[in-house]
Amino acid sequence: MKFDVITIFPHFFRGPFDFGIIRRAKETGLVEINIQDLRVFTKDKHRTVDDRPFGGGEGMVLKPEPIFDCVEFLRVAPKDERIAQAGMPVPHETVILLSASGERFTQSVATELSKLERVTIICGRYEGVDERVAEHIADREVSVGDFVLSGGELGAALIVDAVTRLIPGALGNQASAKQESFTADEHVMEGEPNSTCGSGGLLDYPHYTRPADFRGMKVPEPLVNGNHDEIRRWRRREALAKTLRNRPELLDGVELSKEDRRLVDELRSEKVR
């Protein structure tokens with residue numbers, strides 16, 4: 001997997017990509033990350049990357065010329081070729097424009113991107129990016145949340161991290177990625193103890209470790225009795241409870257079993273009381 005990140009602050013990425021899973025993935029050759037300084041592709045002595053918006057208004061807008069030149073320098077496939085790839089089982093590459101007005105970045109989007117060979121990320125800045133970049137270069141506009149950042153650099157770091165950890169071999173135990181919040185997978189992992197359940201698109205269940213009794217706060221009994229069926233049921237119930245409490249809208253987007261629905265009704269009844 002190859003990432004190209006286009007930014008006006010290349011030094012920002014010295015930290016985020018030099019630790020943990022991303023560092024190991026780079027060292028083992030699973031990912032290649034190239035940071036492109038947008039100012040290199042300017043043509044004036046002031047290395048200007050922005051200008052005032054047509055029509056007036058506050059702030060400055062990133063100019064199209066440096067971005068077009070940078071993408072062409074990277075030899076990214078033209079957008080019409082990438083659109084043609086969309087009909088293939090797995091497209092080779094994509095170009096993402098980070099923007100507060102983009103679609104929300106989710107675990108499903110991360111999974112989709114992890115199957116590609118190349119992802120180019122354009123970091124927005126200032127008041128925005130000239131719309132011709134979105135229309136003629138980017139395949140999609142993406143936002144990392146319903147809030148506004150000063151620029152796309154933080155978002156780019158989040159996306160690279162979320163995607164990298166889904167690449168086979170990046171994690172010490174790849175099954176870990178199937179048992180996390182938002183991951184739409186089976187509740188019980190094939191070949192694993194039946195106490196090990198995936199989130200099925202919900203939030204992850206609570207986790208505990210030793211000591212079993214810390215300052216009078218004890219680990220729930222089902223987790224220490226060794227009964228895998230009880231552990232599995234407890235984890236599923238707690239995953240549903242946490243989702244209902246913190247992100248209830250997720251329940252509308254996952255397939256719930258008859259037992260899940262019974263538990264949700266039970267949990268809602270407890271909440272009312």
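Does E93 count as buried or exposed, and at what relative accessibility? In this predicted model, E93 counts as buried, at 12% relative accessibility. The value falls under the 20% cut-off for burial. R118 is likewise buried, with a relative accessible area of 12%. R118 and E93 form a salt bridge in which the closest N and O atoms are 4.0 Å apart. Because R118 lies in strand β6 and E93 in strand β5, the pair ties together parts that are 25 residues apart in sequence.

Six bridges link β5 to β6, and the two strands run parallel. Within this pairing, I96 stands opposite I121 of β6. The chain passes from β5 through α4 to β6 in a β-α-β crossover that is right-handed.

Strand β4 (residues 61–62) runs parallel to β7 and is joined to it by two bridges. L62 has V129 in β7 as its bridge partner.

Nonpolar packing was examined next. The largest nonpolar core contains 28 residues, and F3, F105, L113, V119 and I159 have the most contacts inside it. Two or more residues each come from β1 (2–7), α1 (20–27), β5 (93–104), α4 (107–114), β6 (118–123) and α6 (153–164). Helix α6 gives the most, with six residues. When residues up to four places away in sequence are not counted, F105 touches A110, L113, V142, S143, V144, I159 and A162. Apart from this core lies another, of 19 residues, including C70, L74, L97 and I122.

C70 belongs to helix α2 (residues 64–73), where P64, P66, I67, C70 and V71 are buried. The cover over the buried residues of α2 includes β1, β2 (32–37), β4, β6, β7 and α5 (131–136). After α2 comes R75, which has a positive phi, near 60°.

Charged pairs were then considered across the whole model. The count comes to 20 salt bridges. One of them is formed by the side chains of R236 and D260, at 3.0 Å from N to O. R236 lies in helix α7 (residues 228–246) and D260 in helix α8 (residues 258–272), so this pair ties together parts that are 24 residues apart in sequence. Both R236 and D260 are buried.

A further salt bridge is formed by E266 and R237, whose closest N and O atoms are 2.9 Å apart. This pair links distant parts of the chain, with E266 in helix α8 and R237 in helix α7, 29 residues apart. E266 is partly exposed, with a relative accessible area of 29%, and R237 counts as partly exposed at 21%. Both take part in a network of salt bridges that links R237, E238, E259, R262, E266 and E270.

Methods
Residues numbered from 1 in each chain as written. Predicted model: local features only at pLDDT ≥ 70, side-chain atom pairs only at ≥ 80, totals over all residues. Heavy atoms only, no water. Pairing = 2+ DSSP bridges. Helix = DSSP H or I, 4+ residues; strand = E, 2+ residues; numbered from the N terminus. Core = buried A, V, L, I, M, F, W, Y, C linked by side-chain atoms within 4.5 Å. Buried < 20%, exposed > 50% of the residue type's maximum accessible area, 1.4 Å probe, protein only. Contact = heavy atoms within 4.5 Å. Right-handed = clockwise from strand over helix to strand, strands pointing away.
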